[in-house]
Amino acid sequence: ANFAGAMFSSYTTTGSFSRSAINNSCGAKTHLSGFITSIIVMCVLLFLTPVFHLMPYNTMGAIIIAGVIQLVEFGVAYELFKVSRTGQGMQRGPCVMHCSTV
């Protein structure tokens, strides 16, 4: 996904994308929030890994989607869809690429 995305200037698929969404929704302004997030992630990995091992992948995916959904601007996507066919192609192209890699 990252290789194909690099050809189209897309955002790389990493865990930091969901962390950025959470920091944005919490109103974090400084790099200290990244440090605190890394400490929390380290503690979760150390102590809660057995719990996550038993959790279904669907549940983990839902948790990530709930954090990232706030970054999608549906109003802008709808306006782009109404305005032009080029905009529709630019909107649908990455969606098709993503769905084909899953």
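This note goes through the structure above in numbered points, from the whole chain down to single residues.

1. The model is a predicted one, in which local features need pLDDT of at least 70 and side-chain atom pairs count only at pLDDT 80 or more, while totals for chains, interfaces and linings use all residues. Residues are numbered from 1 along each chain as its sequence is written, and side-chain values use heavy atoms, with hydrogens and water left out.

2. The secondary structure of the protein amounts to seven helices and zero strands, where helices (H or I, at least four residues) and strands (E, at least two) are DSSP runs numbered from the N terminus. Read from the N terminus on, the order of elements is therefore α-α-α-α-α-α-α.

3. Of the 102 residues in the protein, buried ones make up 10%; here buried means under 20% relative accessible area, exposed means over 50%, and partly exposed lies in between, with a 1.4 Å probe and protein chains only. The protein exposes about 8500 Å², of which carbon and sulfur atoms supply 71%, and such areas come from the Shrake-Rupley method with a 1.4 Å probe, where for residues only the protein chains shown count as cover. Among contacts (heavy atoms within 4.5 Å) between residues at least 6 apart in sequence, 39% join residues at least 24 apart.

4. A nonpolar surface patch of about 1100 Å² has Leu-32, Phe-35, Ile-36 and Phe-52 among its residues. Patches are made of residues with over 30% relative accessible area and no salt bridge, with like charges joined within 9 Å and nonpolar side chains (Val, Leu, Ile, Met, Phe, Trp, Tyr) within 5 Å; a salt bridge is a side-chain nitrogen of Lys or Arg within 4 Å of a carboxyl oxygen of Asp or Glu. Helix H3 (32-47) and helix H4 (49-54) each supply at least two residues of this patch, and the largest share, eight residues, comes from H3. Phe-47, which is one of the patch residues, lies in helix H3 and is exposed, with a relative accessible area of 61%.

5. Ser-33 also lies in helix H3, but Ser-33 is buried, its relative accessible area being 17%. Leaving aside residues up to four places away in sequence, Ser-33 touches Asn-23 and Ala-28. Ser-33 and Asn-23 are ten residues apart in sequence and 7.2 Å apart in space, C-alpha to C-alpha.

6. Asn-23 lies in helix H2 (residues 16-26), and, with residues up to four places away in sequence not counted, Asn-23 touches Ala-28, Ser-33 and Thr-37. Asn-24 has its place in helix H2 as well and is exposed, with a relative accessible area of 53%. Between Asn-24 and Gln-70 there are 46 residues of separation in sequence and 9.1 Å in space, C-alpha to C-alpha.

7. The axes of helix H6 (residues 74-83) and helix H7 (residues 85-101) come within 6 Å and cross at roughly 135°, where axes are lines fitted to C-alpha atoms, for helices over the stretch in contact, and angles run from 0 to 180 degrees between N-to-C directions. That makes H6 oblique to H7, because angles under 35 degrees count as roughly parallel, over 145 as roughly antiparallel, 65 to 115 as roughly perpendicular and the rest as oblique. The contact is made by Ala-77, Leu-80 and Phe-81 of H6 together with Gly-87, Gln-88, Gln-91 and Arg-92 of H7.
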